[in-house]
Amino acid sequence: MDRQSHSGGALAQMRSYPRSVQLLMVNQFSINLGFYMLMPYLAAHLSGTVGLAGWAVGLVLGIRNFSQQGMFLVGGTLADRLGYKPLIIAGLMLRIVGFATLGLVDALPALLAASAATGLAGALFNPAVRAYLAADAGERRVEAFGLFNIFYQAGILLGPLVGMVLTGVDFRVACLVSAGIFALLSIVQIRSLPARRAHDAPTTKGSGRQDGVLSQWRTIVANRPFLLFSVAMIGFYVMQFQVYLALPLEVRRLGGDGTSGTAAVAMLFAVSGLSTILFQTKVTAWCKARMEPGRALAWGLFTMGVAFLPLLVPTAVPVPEGGVGLWLLAAVPPALSALLLAVGTMIAYPFEMDTIVRLSGDRLVATHYGLYNTICGVGITLGNLLTGASLDAARAAGVSALPWIVLCALGLACAAALYGLHRTGRLAPPVRETQPESVSA
């Protein structure tokens, strides 16, 4: 790793990878740019311009998440059976249709169909992109996923800023520009992304044919270390998501909904995104040189757990009635928490993606990613429901420190679980008799 990891910056390091890996990173930046320039403003458009009731807005937004989380396993399975490129392109094209439709229709059934299409699109291309990247990055897989996270976060950081400008003109303009980004991406992928198939799927003895889908799913479900790892990593995503849920709510609780509160919330996202863009490659290189993957994962989740400790400060000191003191109390502890969450993510994410490949035995990688995303997605949904309810209940009971203590405990428990899996050898790749070569199509 070593020369490449210190060669001067994300773009210079990216150029040292095969063309397919470079395309996938630019692809992910563009996907997030197009997605986040639209989705943060969708609820306001549906309730304001379209005039939907609150329950209908929630239904439109919820169907996107449900269709994506529920179809990840199917998307991963199709990628392993049909090849990665067709699923990436199919997902991009579905996003074109979905986003264009969201801007052009007002009827609830059409909006639900468009929202479901955008969710299904993510379920199709997400496992395929990650499996493709893992395959073509080869031995430099960990570093490649570190770079991938930079492009991922850059899209999240830039998307809402572009969307704010476009929605200021017209929400339909934002939808059509977003659809145009996905159309351009589709053309680039069709023309330039090499076809790539997964490793051979398990075959029935003597038949030379692929096992059926259910048989392959049974094989994955029987992979106990992979399932234990997936469950242990739910806390990673629950804690990571608090940058979008609990931390902004805490800022608003202390700083109010005015301009100063908005500025403090914006600072959360800036701290999280910019720190990743600036330091991800250095953190990945440092950790890989000094730690085994299991230890890095445990340290990452430990760091995310302690990230909630700064939020105990506003619960333990007198809250100023206004002025600079109140703004600092509302902004600084959440920003420090966002920074520590970003550091923990930087430590864990490349090793997380690599561990999924290793636990799969380098077989049916996209299917493993699909099931992993589904498990973590269900965990995120339940975790956010519980976090939101606990924030309300704790404040009503006058124990506002409790949610932060619970989230800290969650991080420490997940870190301990991952360290235990590491110490007992459950994060090591399974032993297989044969390692078939990958087949390019």
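Analyst: When I say contact, I mean heavy atoms within 4.5 Å. This is a predicted model, where local features need pLDDT of at least 70, side-chain atom pairs count only at pLDDT 80 or more, and totals for chains, interfaces and linings use all residues. Residues are numbered from 1 along each chain as its sequence is written, and side-chain values use heavy atoms, leaving out hydrogens and water.
User: OK, what are the domains?
Analyst: Domain 1 is 17–198 and domain 2 is 219–426; the bounds come from an automatic or database domain assignment. Their centres, taken over C-alpha atoms, are 23 Å apart.
User: And how many residues are in contact?
Analyst: 27 residues of domain 1 are in contact with 30 of domain 2.
User: What area is buried there?
Analyst: About 2,400 Å², with carbon and sulfur atoms giving 67%. That's the accessible area (1.4 Å probe) the two parts lose on being put together, summed over both.
User: Switching to charges, how many salt bridges between the domains?
Analyst: Two, counting a side-chain nitrogen of Lys or Arg within 4 Å of a carboxyl oxygen of Asp or Glu. Separately, the side chains of Arg 141 and Asp 354 meet in a salt bridge at 2.6 Å, N to O.
User: Which helices supply the domain 1 side?
Analyst: H5 (54–82), H7 (108–137) and H8 (141–169) each supply at least two residues of the side touching domain 2. Helices here are DSSP runs (H or I, at least four residues), numbered from the N terminus. H8 gives the largest share, 13 residues.
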